[in-house]
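Subject: Handover of a structure for your review

Dear colleague,

Please find below the structure that I am passing on to you. I would be grateful if you could read the notes after it with the coordinates open.

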Amino acid sequence: MKPATKRPGIYKTPEGEHAVKAAYRQLLRQWPTSAQQRTVPTRQGDTFVVTSGPAGAPPLVLLHGSGANSLVWAGDVATWAEHFRVHAIDVIGEPGLSAPARPLLDTDAHAAWLDDVLDALALTRSAIAGTSLGGWLALDYAIRRPGRVTRLALMAPGGVGRQKWGVVIIAILLLPFGRRGQMITLRRALGVPASAVVSPQAAALGAFTLLVHRHFRPRLDRLPLFSAQALAGLDMPVLTIVGGRDAMLDSHQTRHRLEQAGKTVQLLPEAGHLLLDQTQPILDFLRG
């Protein structure tokens, strides 16, 4: 009997892991609103959560995408926390402060993990917002645990339209070009024009993203597609926002399949995978 193959860690080196986590902790000090940071136990290991907003407000859970952490919500959380008790969760297996576990995607393991997180936060039911991989996780949870999800706000969610691999090929070709090649890859993957003007806060986040890109091993497994029956069976209000120029997911197929399932979809024709300035539209939807 052959011994089980050991999967490589999510970081390339221990030094790289330390560098990413140290930079993340430093950036968390600039969280734009008053917040509580905590770690909750789950069957997949510890999970890091940043909680903002009034204790008695309706709950909102945030799930970020692959190769990222809760910093992706820094531009939204101050506004949303005026109306909700917002829980930004570092997804397991990603470059945050949660456990490095990566259970199989075609099982209920991630839903069970989220059960543990919500239980630890004393949340019976919650609205959920997710982007990219976080959108896939949100959909998976809503399909498997419909009684625990009140509303679903998705940005460029995986699992509906086909994944594109062109940007992965570009990333491999640009590896020899160091930081410049990495920057080109990130801009193309996210759909950020080279001429775009960025704020100091966005520049700091971009520098952190490059740091992650150097030291982190991203997921390469394909996200399972949800069936038409599963999508149509979602009985909570669902809003999906997609970009017409998404280089990572087929946003037009995503729109078609979700509209066929009777869900509301907003397609931003000139946007890429990174959807900017959606704070207010999502808040309007979440408030009903």
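Predicted model: local features only at pLDDT ≥ 70, side-chain atom pairs only at ≥ 80, totals over all residues.

Overall composition. The protein chain has 288 residues, of which 49% count as buried. Its secondary structure amounts to 10 helices and 8 strands.

Nonpolar cores. In soluble globular proteins, nonpolar side chains tend to be buried together. In this model, the largest nonpolar core comprises 39 residues. Leu63, Ile89, Ile128, Leu139 and Leu152 are the residues with the most contacts inside that core. Two or more residues are contributed by each of the strands S3 (59-63), S6 (149-155), S7 (238-243) and S8 (264-268), and likewise by the helices H3 (109-120) and H4 (133-144). H4 supplies the largest share of the core, with 7 residues. A second, separate core has 37 residues, including Tyr11, Ala88, Ala127 and Val212.

Leaving aside residues up to four places away in sequence, Leu63 touches Trp73, Ile89, Val91, Leu114, Ile128, Ala129, Gly130, Thr131, Gly134, Leu137 and Ala138.

The H3-H4 pair. How do the two helices H3 and H4 pack, and at what angle? Their axes lie 9 Å apart, at an angle of about 85°. Because angles of 65 to 115 degrees count as roughly perpendicular, H3 is roughly perpendicular to H4. On the H3 side, the contact is made by His110, Ala111, Leu114, Asp115 and Leu118; on the H4 side, by Leu137, Asp140, Tyr141 and Arg144. Sorted by class, this contact has 5 nonpolar, 1 polar and 3 charged residues.

Thr47. Is Thr47 buried or exposed? Thr47 has a relative accessible area of 0%, so it is buried, the cut-off for that class being under 20%. Thr47 is located in strand S2, which covers residues 47-52. Its side chain forms a polar contact of 2.8 Å with the side chain of Trp113. Apart from residues up to four places away in sequence, Thr47 touches Arg38, Thr39, Val40, Thr42, Ile89, Asp90, Ile92, Ser98, Trp113 and Val117.

Yours sincerely

Technical notes. Residues numbered from 1 in each chain as written. Heavy atoms only, no water. Core = buried A, V, L, I, M, F, W, Y, C linked by side-chain atoms within 4.5 Å. Buried < 20%, exposed > 50% of the residue type's maximum accessible area, 1.4 Å probe, protein only. Helix = DSSP H or I, 4+ residues; strand = E, 2+ residues; numbered from the N terminus. Contact = heavy atoms within 4.5 Å. Polar contact = N/O pair within 3.5 Å; in protein donor to acceptor, adjacent residues only side chain to side chain. Axes fitted to C-alpha atoms, helices over the stretch in contact; angles between N-to-C directions. Parallel < 35°, antiparallel > 145°, perpendicular 65-115°, else oblique. Nonpolar A, V, L, I, M, F, W, Y, C, P; charged D, E, K, R; others polar.
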